Each structure stands twice: as structure tokens, then as C-alpha cells.
Amino acid sequence: MEASALWISHSSSIPTTIALLSSSTRWKWQFASNKNWPSIHSRRCFLVTNVASKKKPSPSIEQEQGVGLDALKPDSASVASSIKFHAEFTPSFSPELFELPKAYYATAQSVRDLLIINWNTTYDYYEKMNVKQAYYLSMEYLQGRALLNAVGNLELTGAYAEALQKLGHALEDVAGQEPDAALGNGGLGRLASCFLDSIATLNYPAWGYGLRYRYGLFKQLITKDGQEEVAEDWLEMGNPWEIVRNDISYPVKFYGEVIEGPEGKKEWVGGEDIVAVAYDVPIPGYKTKTTINLRLWSTKVAADVFDLAAFNAGDHPKAYEAMKRAEKICYILYPGDESHEGKTLRLKQQYTLCSASLQDIIARFERRSGDSVDWEKFPEKVAVQMNDTHPTLCIPELIRVLVDVKGLSWTEAWNITKRTVAYTNHTVLPEALEKWSLSLLEELLPRHVEIIRMIDEELINTIIEEYGDEDLELLKEKLNEMRILDNIELPSAVIDSLVKSQESLVKNVIEEEEKEDEEGKEEEEEVKEEAESVEVTEATAEEKSDEPENEDEQAEEVEEVKADHSPLTKVTSTFEPDPKQPKLVRMANLCVVGGHAVNGVAEIHTDIVKKEVFNEFYKLWPEKFQNKTNGVTPRRWIGFCNPELSKIITKWTGSKDWLINTEKLGELRKFADNEELQFEWREAKMIRKKKIVSFIKEQTGYVVSPDAMFDVQIKRIHEYKRQLMNILGIVYRYKKMKEMSAEERRERFVPRACLFGGKAFATYVQAKRIVKFIADVGATINQDPDIGDLLKVVFVPDYNVSVAEVLIPGSELSQHISTAGMEASGTSNMKFAMNGCLIIGTLDGANVEIREEVGESNFFLFGAQAHEIAGLRAERAEGKFVADPRFEEVKAFVRSGAFGAYSYEELMGSLEGNEGYGRADYFLVGKDFPSYIECQDRVDEAYRDQKNWTKMSILNTAGSSKFNSDRTIHQYARDIWSIEPVVLP
């Protein structure tokens with residue numbers, strides 16, 4: 001690298017020099033000024049110098065493996081200079097003071113400089129090598145704070161901590177200024193972010209696409225009325241990690257019409273046009289130069305769309321109407337969809353993600369292909385992964401671009417798409433398998449509906465080939481289960497084919513009958529002769545009157561009967577849509593049909609996907625279906641958020657290799673009984689528990705004892721996750737305590753701090769009732785002097801990644817108690833297990849595999865199993881369920897008003913009855929409640945033996961190695977994306 005200098009002329013002759021030096025394995029910033037920083041008020045000259053060492057270092061093993069950060073290891077002095085530079089020359093704050101918010105932004109921008117160097121190097125190399133690249137499309141990315149993760153992955157935590165200390169701040173305090181990026185809500189987004197971390201760490205060529213939500217989902221407040229929602233403000237002060245790419249934008253169209261050209265080529269014209277602009281967020285890998293990209297789209301319209309005439313005439317709403325329509329697409333994650341407008345906005349979001357991302361992917365493919373673009377090689381260079389059904393429109397959009405824009409035939413485009421796209425299923429809940437109104441889709445995306453109809457027809461023909469067309473009832477059953485278009489008439493070509501088939505069938509039957517008639521002709525003749533010998537009496541007048549008046553009427557009646565039983569009538573009546581039911585497009589079915597792979601995210605979940613959710617598709621295409629058990633990154637979820645435990649693991653396993661090779665965590669098993677390790681383990685846990693105590697006091701005002709067992713359930717609030725069962729168990733515990741003397745309480749119960757966290761969707765009324773109930777129970781118990789520290793209940797507001805990073809390391813018991821068969825996987829259970837937290841749970845999602853790995857005796861199991869659920873619901877519907885007296889007792893206690901004047905009749909009523917919407921205890925809280933509270937008794941008993949509890953905790957961490965997202969990404973790369981690691985030279 002040649003020495004270079006950039007001079008920026010300011011208003012003074014006083015020089016300030018910042019030099020970025022590269023000397024074999026180090027970058028250094030040099031900052032010099034003849035005045036004390038940061039108070040700079042006079043003119044100066046600014047010089048940025050890049051000086052390269054002429055000495056070439058000999059290649060090391062680390063360099064060959066691509067894990068050396070040879071150019072990215074500044075010392076603390078260089079880091080301090082860089083931070084000073086950004087505080088002065090890329091300011092977001094006034095120059096007078098260097099307080100924490102300013103320190104955070106300057107530090108983040110300093111780190112971003114390093115990431116950009118690696119980011120550019122990574123993608124320059126990918127372009128040069130023209131490697132196959134995977135693209136992960138997700139509506140959510142729940143990243144959490146980036147600063148500590150970035151400096152940790154760059155192995156610069158020490159340098160930045162020391163530099164900031166010199167500048168008067170602690171790294172932890174500076175990092176605490178960063179707001180969580182409000183780009184997700186729950187496990188779907190957290191998984192996506194873990195995957196990006198693993199992709200970069202493992203040097204795979206891939207990146208993510210998402211939307212840049214201005215206000216996120218919402219910020220949650222807990223008040224006397226329960227959950228209240230306000231807009232997230234994470235972008236109010238700007239985002240130092242993102243890089244706006246004003247030169248990378250793509251048009252996105254809605255509405256309009258489809259016209260056909262003279263040669264039959266389709267064109268989508270008119271309608272509403274917006275622009276999607278790229279914002280890039282660099283994602284660094286751990287101990288590698290590879291830095292991948294998360295590209296987020298923001299939406300706007302061109303400046304000339306602003307109606308200046310209307311504005312000057314005073315009609316301001318009309319002037320900026322188009323601007324607001326475009327901008328609001330990226331306002332909110334999951335806008336309420338109760339209204340037509342809400343549904344339209346959600347669909348616009350999904351299409352914007354798909355359209356902008358695919359245009360970007362295609363542009364990159366064409367650029368890398370050079371002058372000769374071979375579209376047949378597109379799947380050899382591109383893999384598109386749809387994270388759940390939200391990006392389903394990738395399938396018709398890719399076909400649209402290939403056919404309408406690039407000029408390929410339907411057959412070519414359809415085959416390319418099927419080889420490119422893959423789908424990850426994340427749910428077995430029917431309501432979460434998206435179904436869009438056909439009329440809404442036709443209105444918003446008319447060309448895509450045409451394409452979806454063609455895909456649906458392809459599927460119908462495949463089903464007919466598989467099952468034949470003779471048995472129409474069997475065919476109807478298969479089509480009702482598998483079609484993409486639900487309750488929609490069959491294509492005319494299919495009807496014609498079925499009619500011809502039925503006519504042929506009828507013809508064959510008639511020919512067979514004629515053959516039988518011919519064979520029986522002699523017998524008929526005999527019968528006829530015998531009949532002629534019988535005396536025929538004259539018909540009575542009454543009999544005559546019963547006959548048709550004439551032959552024409554008789555012929556008409558025969559024709560009517562024939563028409564009623566004609567093949568056309570039979571086919572149309574068999575497949576006639578139900579006018580009382582909506583016409584829908586089933587997005588999950590489209591994903592399965594349009595992709596080459598479908599994967600579940602835990603072994604039990606994939607089994608349910610194969611046997612229940614997509615059973616007919618599995619029987620048709622068994623080769624498509626795979627399991628990819630989820631994982632989480634151990635760097636963030638142990639290494640960076642639990643440094644005390646991290647040091648212990650490193651000490652006892654002998655190195656930090658476990659941060660990449662988590663199999664080494666298994667080495668802890670042989671030390672599980674070691675008293676020294678157990679002592680260190682408990683000390684580390686106590687340090688983290690005390691941090692939770694401080695955090696809870698700061699956030700809620702409640703005081704909990706660090707000596708209590710920390711019992712935690714933090715996840716999205718949903719009935720199937722059964723936070724309601726947890727809080728009812730606490731209510732039962734509280735009631736029993738109140739019935740005892742103080743001495744009996746202390747002897748019977750282990751002190752517990754029961755912590756909840758999670759957001760209820762803004763329009764999910766029952767979930768919001770659960771939040772209020774938890775808060776009310778906490779308000780009552782926490783102020784009861786008879787109970788004291790024996791039981792505390794705290795709902796931690798605004799749960800996000802940063803809150804999880806506080807709560808998980810100090811937790812001792814975590815609750816994963818969903819109705820068996822309803823949780824796809826879960827990832828928080830993995831994070832808890834990694835941090836030595838014991839789990840109480842059902843055999844659901846990844847719980848099944850966690851229990852296998854950590855050992856059955858180190859997992860608190862209760863509840864019905866997945867294969868029993870359907871029978872239990874049927875039993876309930878038949879009125880055969882008899883509730884346990886303890887369950888009835890706790891409901892009565894809630895109804896007594898023990899937790900305030902608010903009526904919880906609707907909530908308790910949902911657990912009663914045998915049928916009806918919002919009734920009949922669909923999620924089996926009552927069925928599992930006795931097993932649950934008995935299991936909690938076993939938890940108390942186990943916790944009293946702290947030596948054995950600590951051993952169980954160690955074995956949970958030791959057994960968590962499988963649940964590393966690195967392992968999951970290796971499997972995706974090998975089995976679905978067909979990509980190889982690309983190590984930078």
C-alpha cells in the first residue's frame with residue numbers, strides 16, 4: 001500500500017494530524033494537536049496519512065486459515081486517537097463536552113472504520129472469485145447492541161476499554177448508551193441475527209436482507225392498566241453502525257394493471273411507484289477478517305412526487321400524501337392487520353423486502369457474470385433462504401423478473417426459481433401459516449397473482465399425475481389440502497381435462513355394458529318369448545293417466561337426468577368453491593411448491609411438519625424435507641454477556657477454543673463434581689444475580705434478594721407459551737404460603753424471585769390480559785409483609801436482547817412450558833442452558849434435544865406429550881375432562897378479588913367449558929397444571945442441595961454444545977445452500 005495523505009483545509013493554520021498506519025499486523029491512528037483535546041475552537045489544518053510498512057510479513061498459519069486480524073489490531077493509544085477524531089470531525093453532538101452519549105457515538109464510528117475496511121475486503125474478494133452466495137431474507141433481525149459484540153469479535157475489547165478509561169469513561173458505561181436496534185420481536189429475529197454472526201465467523205459467503213423499521217414493534221410500558229405501547233425511538237439520535245447507500249436503490253410497484261404486448265409479453269404498468277434505498281450494517285465474524293452485510297431497505301418516493309402546487313395552495317395533506325404512503329411502509333414492524341389498510345401495509349412490507357432484495361441479487365449476478373449472462377447458472381451462484389412465510393413473494397417475483405424483464409420462458413424461469421429458493425418453517429400454528437385474501441393480492445400485485453395461478457395449475461397437474469383423475473372425491477381431498485389457491489375454482493384447462501377423463505370413463509363403462517348386453521342376448525330372447533306368451537290385459541284408464549302426456553315430455557325428463565349426471569356437471573359440482581368461505585392464497589403451500597428444500601427447526605418440529613402440517617407434500621416430495629435444529633452464538637450468549645462464566649470455562653477447558661468449537665464445553669463434565677469449580681461457578685452466578693437485582697430496582701423499583709432462586713420466563717407473550725400457567729402456579733404457591741405460619745413457610749418453600757418479560761402483540765387482547773394479571777399479582781405479593789423475600793414477582797418491561805443479556809446469565813431456573821407440539825424450537829432455552837440455568841419444561845421444540853444432551857436427571861420434565869394432545873382436546877370436547885381440585889382452587893382464589901378489583905373472568909373463563917371460541921382451555925393449562933406444580937416441588941427440593949444443583953448447572957453448560965448456531969449454519973451451507981467457506985487471503 002502506497003503512503004497517501006488527505007488534507008482537509010479548515011479555518012486555522014494550527015495543524016491537527018491523524019495518521020492511520022499499517023505496519024505488518026497493525027493499524028494505528030496517530031492524533032496530534034498543539035491544543036488539549038477536546039476543546040477546539042480555532043482554525044486548523046487536518047491531515048489523514050496512511051503509511052504502509054514496506055516489510056512483508058511471512059505468512060502464518062493463522063493467515064492461511066483466515067483467522068488472523070493482521071491489519072486490525074490497534075493499541076489503546078491508537079484507539080483513543082480514533083475516538084477523539086470521530087468526536088471532533090464526525091460529530092452528532094455539540095463540541096463542548098465528551099459525555100457518555102457522545103463517547104458512544106465516537107467509539108462506534110471508530111469501530112465501524114475497522115469493519116468497513118474488512119467489509120470492503122470481503123466483498124471485493126467475493127466479486128473477484130465470483131463465488132456462490134447465499135441470501136437470507138427475514139422480516140426480523142433482533143440484533144441487540146452492536147458495540148461489545150463488534151469489539152469482542154475483533155478481539156479489541158481490552159484496547160477499547162483501556163482507551164476509553166484514558167478518556168474518562170468505562171467501556172461498559174459507554175456500551176450502555178446504545179439502544180437496541182428495533183428490527184425484530186422474538187425468536188425469529190434473534191435466530192436470524194445469530195445466523196449472521198455464525199456465517200461471518202465461519203467465512204461463508206452470505207448476507208442478510210431486511211427492512212429498516214423506524215419505530216420498531218413498540219416500546220412496552222407496564223402501568224396499572226397493564227401493557228401500554230409507545231413508538232420505539234432507536235433512530236432518534238441516528239445509527240452509527242449503518243451506512244446509507246444512496247447509489248443503491250430500486251423501484252417497487254403496487255397496484256396498476258397487466259397488459260399484453262403484440263408478441264404475448266406481459267407488462268405491469270401504472271399503479272403506485274416507490275423507491276427502496278439500501279442501508280448497510282456490517283456484521284463481523286469472530287477472529288476472522290470476514291465481515292458480511294445486513295442490507296436493510298428504507299422506502300421513499302422521488303422528490304418530484306411532492307405536490308408543490310398543492311402545498312402552496314394550502315392543501316398540505318395532498319402535497320405529501322404519496323411521500324407518507326411510501327415512508328409508512330417502513331414505520332412499524334408487524335402493523336396491526338385487523339383493518340383492510342393494515343393488511344395492505346403488511347403485504348406492501350413483504351413485497352418491498354422481496355422485490356428490492358431480488359433486484360439487488362439479480363444485479364449482482366449480472367455484474368459478476370460480465371458480458372455473457374447465463375441464467376441457467378443463476379442457482380449455481382445464488383441461494384435464497386426464506387425465513388418463515390413472510391418472504392414468500394420471492395417466488396412469483398423472481399419468476400416475474402426472469403420472464404417479463406429478462407425475457408426467459410415460463411419453463412426456464414420456473415425451473416430456475418425452484419432450484420434457487422428454500423423455505424424455513426417456524427410454526428405449526430394454523431393461524432401463523434399466512435393466508436392472504438385473493439382479492440387484496442389481485443388489487444395490490446396483479447401480475448403476481450397471474451403467476452401464482454400458473455404455479456397452482458402446475459401443482460394441480462402434478463397431483464393429478466400422482467393420484468389420477470378417476471376418483472374425484474379423492475382428488476378433491478388432495479387438492480383441498482395442497483392447493484396454493486384455497487376455495488378458488490379450478491383452472492378451465494384442468495376442468496376440461498377432468499371432463500374428458502370422466503367422459504372417457506363413462507364411455508368405457510358403456511362399452512363394457514354393451515359387451516355384457518351382447519353376451520346376454522340369447523337369454524334376453526328367451527325372456528322375451530316367454531313374456532309374449534303371457535296374456536296382456538288392457539290397461540286401465542287410471543294407469544293411462546299416469547303416463548306422460550306425450551313422448552316429448554318423456555324425452556325432456558330423460559335429458560334432464562342425463563344432464564344432472566353428465567361429466568361436466570359432476571366435475572364442476574365436485575370442485576365448486578364454497579361461496580360462504582373466503583378465497584385465499586396459502587403462502588406456506590407456495591413456499592413448499594416453489595422451493596427445493598423445506599426445513600423445520602427442531603427434531604420434534606420437523607416430525608410434526610412431515611406428519612401433520614405438510615404431510616401430503618411430504619408424501620409427494622419426501623426429498624425436500626429436512627431438519628435444521630436451531631442454535632445460538634456462544635460468543636454473544638456466553639463470551640460477551642457472561643464474562644465471569646466465560647473465564648471459568650476457558651480456565652477449565654484450557655483455552656478459548658470453545659467459543660468456536662463448542663464441543664469443548666463437554667470437557668466440563670469430568671470436573672462437574674470438583675469443589676473448586678463448583679465454588680467458582682456459584683461465585684460467578686452470584687455476581688450476575690446481583691446485577692439483576694440492581695437492574696430490577698432501576699427498572700421497576702422492586703427489591704429482590706440475590707439469595708432467592710431466580711426463576712425466569714422471558715419470551716413473547718402468547719397463550720401457547722403458557723405464561724398463564726406459570727403465574728397461576730405462583731398464585732397457588734402464594735395461597736399455600738398464606739395458609740401457613742411463618743415457620744412453616746420457611747421450611748416448606750425455597751425463596752424465589754419469579755421474573756417475567758415479553759411483549760404481547762398490540763391487538764392480542766388475551767395476551768395483554770395475561771400481562772396485566774402478572775403485574776397485578778406482583779403488585780400484591782411484593783407488598784405483602786407476611787411473605788417478604790420468600791416470593792417476589794416482577795414483570796420486567798420492554799424485554800429485548802439487552803435485557804436478556806442481563807437476565808439470562810444470572811438465572812437459575814428457566815421456564816419453557818409451551819403446550820407440547822406447538823413450539824417449533826425456541827432459542828432462549830438454548831441460551832439459558834449454555835449459561836448453566838436449569839430448565840423446567842415440556843417435551844416441546846428444542847426442549848426434547850436439550851434434555852437428551854444435558855441428561856434427563858438435569859431437566860425438570862412435566863406435562864402431556866405431543867402425540868397425546870389431539871386426544872386430550874377431543875376428550876375435552878366430549879365433556880370428559882375433570883379438572884384437578886387444585887386448579888379449581890386457584891381459579892376461585894383469583895376470582896375472589898385477591899389481586900385487585902379488575903375482573904379476570906374472561907381470562908379464567910378461557911380455561912373452562914368444552915367448546916367455543918376463547919373457551920375450552922385449548923392450550924391445556926388445566927390438564928398440565930397438576931403435573932406442573934408437582935414438578936415445581938421437585939425443583940424446590942433440588943435447589944436445597946446446592947452442591948448437586950451446581951453440578952446440574954455445570955452439566956447443562958457442558959451439554960449445550962449442540963445448540964451452537966455455527967453447527968446449524970454448517971448444515972444449511974452443506975445441505976441447502978451448497979456453498980463453501982471463502983477464506984480471505
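Guide: A cavity here is a set of points, on a 1 Å grid over the protein atoms alone, where a 1.4 Å probe fits but cannot get out, and lining residues have an atom within 4 Å of a point. This is a predicted model, in which local features need pLDDT of at least 70 and side-chain atom pairs count only at pLDDT 80 or more, while totals for chains, interfaces and linings use all residues. Residues are numbered from 1 along each chain as its sequence is written, and side-chain values use heavy atoms, with hydrogens and water left out.

Visitor: How much space lies in that second largest cavity?

Guide: About 120 Å³, where a volume is the space filled by probe spheres set on the points, and grid points are joined across faces, edges and corners.

Visitor: And how do the residues of its lining divide?

Guide: The lining of the second largest cavity has six nonpolar, four polar and four charged residues; Ala, Val, Leu, Ile, Met, Phe, Trp, Tyr, Cys and Pro count as nonpolar, Asp, Glu, Lys and Arg as charged, and the others, Gly among them, as polar.

Visitor: What about the largest cavity, what lines it?

Guide: The largest cavity holds about 360 Å³ and is lined by 29 residues, those nearest its centre being Gln143, Gly144, Ala146, Val281 and Ile283. Its lining divides into 17 nonpolar, seven polar and five charged residues.

Visitor: Switching to helices: how do H3 and H11 cross?

Guide: The axes of H3 (residues 100-129) and H11 (residues 340-369) come within 9 Å and cross at roughly 60°. Axes are lines fitted to C-alpha atoms, for helices over the stretch in contact, and angles run from 0 to 180 degrees between N-to-C directions. Helices (H or I, at least four residues) and strands (E, at least two) are DSSP runs, numbered from the N terminus.

Visitor: Which residues make the contact?

Guide: Tyr123, Tyr126 and Glu127 of H3 meet Arg364, Arg367 and Arg368 of H11, contact meaning heavy atoms within 4.5 Å. These contact residues are two nonpolar, no polar and four charged.

Visitor: Which strands does H11 lie across?

Guide: H11 lies across E5, E6, E9, E12, E13 and E14 (382-387), and runs at about 115° to E9.

Conventions:
On a 1 Å grid over the protein atoms alone, a cavity is a set of points where a 1.4 Å probe fits but cannot get out, and a pocket is an open set with protein on both sides within 12 Å along at least five of seven lines; lining residues have an atom within 4 Å of a point.
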